[in-house]
Amino acid sequence: MPPGMTAQRWRKVGIGAAVALFLLVAVPPLRRAASFATSRLILWAASPITPFVPDFHHLPDTTRVLAADGSVLADLSGEDGQRRTVELDAIPDHVKRAVLAAEDADFYHHSGVNPLAITRAVVSTAFGHPEGGSTITQQLAKLNYTGSSRSLFRKVREVFYASALEERYSKDELLRRYVNQVYFGEGAYGIYAAAHAFFGVDPDRLTPAQAATLAGKIRAPSGLDPRLRPDAVVERRDQVLRAMARHHWLSRTDLDAALAEPLTLAPPEPPGVSRAPHFVDFVTREAAGLAELGDDPDTRRTRLLTGGYTVETTLDPKLFDATTAAVTARLGQPGDPITAVASVVPGDGAVDNLFGGLDYLSTQFGYADRGLRPAGSAFKPFVYLAALRAGIDPRSVFDGTSGRVIPCYGAKPVENYAGEDFGGAIDVNAALARSVNVVFVDLGCHVGVRAVVRAATDAGIPGDATEAQGAVFLGGLDRGVSPLSMATAYATFASGGVYAEPYGIKTIRDSRGKIVYQHHTRTHRAFDAKQAGVLNAALQRVVGDGTGRAAAIGRPLAGKTGTTENNVDAWFVGYTPQMATAVWTGFDPARPMANVHGRAVTGGSFPAAIFGDLMRTGLAGVPVRPLPLASPDSMPLHLVGEFPAPPPPPRTSSTAPTTTTSTTTTNTTTTTSTATTSTTTSEPRPSSTTRTTEPAATSTTRRL
């Protein structure tokens with residue numbers, strides 16, 4: 001369109017808007033007419049620049065989530081699984097009118113934007129009574145195109161999209177889309193799902209009172225929860241019913257009957273259980289962070305559940321099934337502790353396994369990716385890496401005697417697991433294999449708390465997992481860490497020091513098969529390859545002749561056990577070049593696992609055995625590859641410790657570091673004392689606070 005014509009068009013809009021504003025303010029009887037005229041004027045002005053709107057005449061199929069092999073994991077249709085398209089002529093008039101009375105009574109008269117409603121909303125908000133001013137057409141624009149971010153730019157885009165929708169579709173087509181897409185709460189998208197979720201009936205059997213209840217919830221689907229706030233829901237329902245009567249959509253007799261009808265709800269339906277349900281939940285949360293699906297999390301979730309997408313994920317069904325079988329066989333009895341498992345592909349970040357527990361129906365909480373608990377001795381590899389970064393040779397020899405007081409750590413003696421004594425002199429590699437607490441506190445004091453925290457965060461542990469306190473040397477974390485984070489960090493070791501950001505979604509395709517999102521691997525080098533290789537060689541000993549022997553699977557493998565104080569948490573985290581897996585076992589709420597099937601649970605018991613079971617099956621047919629190893633001789637390192645190093649053995653072709661050996665044990669340990677005074681390190685003194693138990697879980701973050 002020529003620029004002159006555009007300017008002329010907008011001058012007419014300005015004149016028309018001024019006239020309409022005068023009529024809205026000065027002539028109350030003409031307000032509605034002036035509002036509708038202004039709406040049509042806005043539509044006319046915006047028509048030359050309205051954006052293209054993809055066809056949504058027919059609601060798309062339910063979003064489908066696929067495993068890595070193409071098999072179906074779940075059909076996403078809201079938590080109740082009841083989403084179904086209902087034709088407009090199959091919906092009773094009182095149901096449609098309840099929606100109109102609640103959301104947009106003038107829907108059939110305006111042209112997509114209602115200036116009168118906007119004016120009313122501005123005035124109400126100014127007097128402390130917020131009220132929405134968006135029409136149903138604007139809400140459709142927000143749901144499908146613009147998102148819900150609160151900005152002037154978004155509102156302007158919303159007007160243009162609303163104008164485009166009004167040009168392309170009839171009012172009935174728009175209303176049909178709206179009642180089948182809008183969210184009513186409790187996982188119910190669309191009128192069919194809502195009628196079943198709250199009243200257990202099809203939409204054509206809803207009473208006027210029930211229809212008004214559902215329509216009233218659209219404004220605040222979570223806040224107006226009839227199971228939690230029935231009085232507020234009835235109050236809102238009655239507002240909708242009276243609005244219907246004002247518009248002559250409900251007779252006085254029917255109004256009185258509806259107002260007197262009690263709020264009677266259908267019992268909540270248990271959530272549908274898909275294959276790998278905790279992984280499906282993880283993917284849903286991941287999608288809520290993708291800008292390709294919208295401007296904000298609420299919009300992205302709505303589009304994911306109503307957009308008819310195909311979500312291709314990273315889950316390996318063979319590995320997941322092997323995990324389920326291993327956990328069921330080892331800890332599948334009533335009263336057994338919970339087991340959570342996560343697996344990550346080194347160098348890529350693909351989450352190919354996420355198992356949050358056997359009983360999804362009792363709790364939908366994702367223990368594998370959202371639960372946070374102290375890692376115990378499974379955190380010692382980060383102390384080891386911090387020492388390598390500081391140039392400390394892992395062949396350095398320390399006093400492994402249990403009960404030693406280490407000055408930088410405080411006055412409380414540091415105990416090994418069950419007071420085990422390792423005969424005095426022991427080098428760092430042997431101490432890692434046998435999980436000797438005293439040695440790793442001493443080593444941690446040499447490198448400093450912050451260096452250990454930095455090594456952990458570089459590997460993939462979230463930065464808020466712990467404060468800079470001495471307890472971190474033995475995995476006494478402030479907030480805790482999830483199995484997924486531990487698997488991600490150990491995958492960094494397996495890849496030779498390259499961190500890869502974890503992900504579960506590979507691609508998302510729309511209902512026409514077009515790719516709307518494609519994952520791109522995000523990596524960076526966290527550690528020198530030689531540092532990672534030296535650690536890998538040391539962690540191989542944990543499985544070969546240390547505390548993790550139950551995890552051995554007959555191929556190159558490295559890993560570490562972890563057991564927190566009083567056997568409250570037990571871990572095994574291990575890896576091959578193709579896969580890193582973390583297994584956690586514990587109760588929620590946390591309590592000791594002193595007698596589970598006749599034994600106290602340590603990282604080297606059930607977690608290591610479950611790890612071995614699932615990895616053997618999950619890696620069946622996968623080529624055997626060696627881990628990337630290196631010798632301490634390949635790095636400029638120096639010896640520290642209380643004892644001189646033993647004489648080196650004759651040179652061999654092995655790339656693994658040379659260490660002393662002695663009798664092994666299957667126990668793993670932690671202590672929760674923290675440091676109080678300084679030592680040879682220049683790091684700030686660790687906190688003197690002693691943490692013996694984790695604080696209770698909050699409403700937003702549950703500790704494993």
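This is a predicted model: local features need pLDDT of at least 70, side-chain atom pairs count only at pLDDT 80 or more; totals for chains, interfaces and linings use all residues.
Visitor: What makes helix 15 and helix 19 oblique to each other?

Guide: Helix 15 (residues 380-389) and helix 19 (residues 483-494) pack at an angle of about 40°, with axes 11 Å apart. Axes are lines fitted to C-alpha atoms, for helices over the stretch in contact, and angles run from 0 to 180 degrees between N-to-C directions. Under 35 degrees counts as roughly parallel, over 145 as roughly antiparallel, 65 to 115 as roughly perpendicular and the rest as oblique. An angle of about 40° belongs to the rest, so the pair is oblique. Contact (heavy atoms within 4.5 Å) is made by Pro-381, Phe-382 and Leu-385 of helix 15 with Ala-489, Tyr-490 and Phe-493 of helix 19.

Visitor: How do you know that six residues of this contact are nonpolar?

Guide: Ala, Val, Leu, Ile, Met, Phe, Trp, Tyr, Cys and Pro count as nonpolar, Asp, Glu, Lys and Arg as charged, and the others, Gly among them, as polar. By that list the contact has six nonpolar residues, no polar and no charged ones.

Visitor: Why does Val-439 count as buried?

Guide: Buried means under 20% relative accessible area, exposed over 50%, and partly exposed in between (1.4 Å probe, protein chains only). Val-439 has 0% relative accessibility, so it is buried. Val-439 sits in helix 17 (residues 437-447). Not counting residues up to four places away in sequence, Val-439 touches Phe-398, Asp-399, Gly-400, Ile-426, Val-428 and Ala-431.

Visitor: What makes strand 14 mostly covered?

Guide: In strand 14 (residues 558-563), six of six residues are buried. In a regular strand the side chains alternate between the two faces of the sheet. Here Ala-558, Lys-560 and Gly-562 point one way, Gly-559, Thr-561 and Thr-563 the other, and all are buried.

Visitor: How do you know that strand 14 pairs with strand 15?

Guide: Two strands pair if DSSP finds at least two bridges between them. Strand 14 and strand 15 (residues 569-575) have six bridges in the antiparallel sense, so they qualify. Thr-561 has Phe-572 as its bridge partner, and Gly-559 stands opposite Gly-574. The two strands form a hairpin with five residues between them, and Asn-566 in the turn has a positive phi of about 65°.

Visitor: Why does strand 14 stand at an edge of its sheet?

Guide: The open sheet has five strands in the order 7-6-16-15-14, with antiparallel pairing. Strand 7 (351-355) and strand 14 each have a single partner strand, so one side of each is left without a neighbour in the sheet. Neighbouring strands are turned by 10° against each other on average, direction ignored.

Key. Residues are numbered from 1 along each chain as its sequence is written. Side-chain values use heavy atoms; hydrogens and water are left out. Helices (H or I, at least four residues) and strands (E, at least two) are DSSP runs, numbered from the N terminus.
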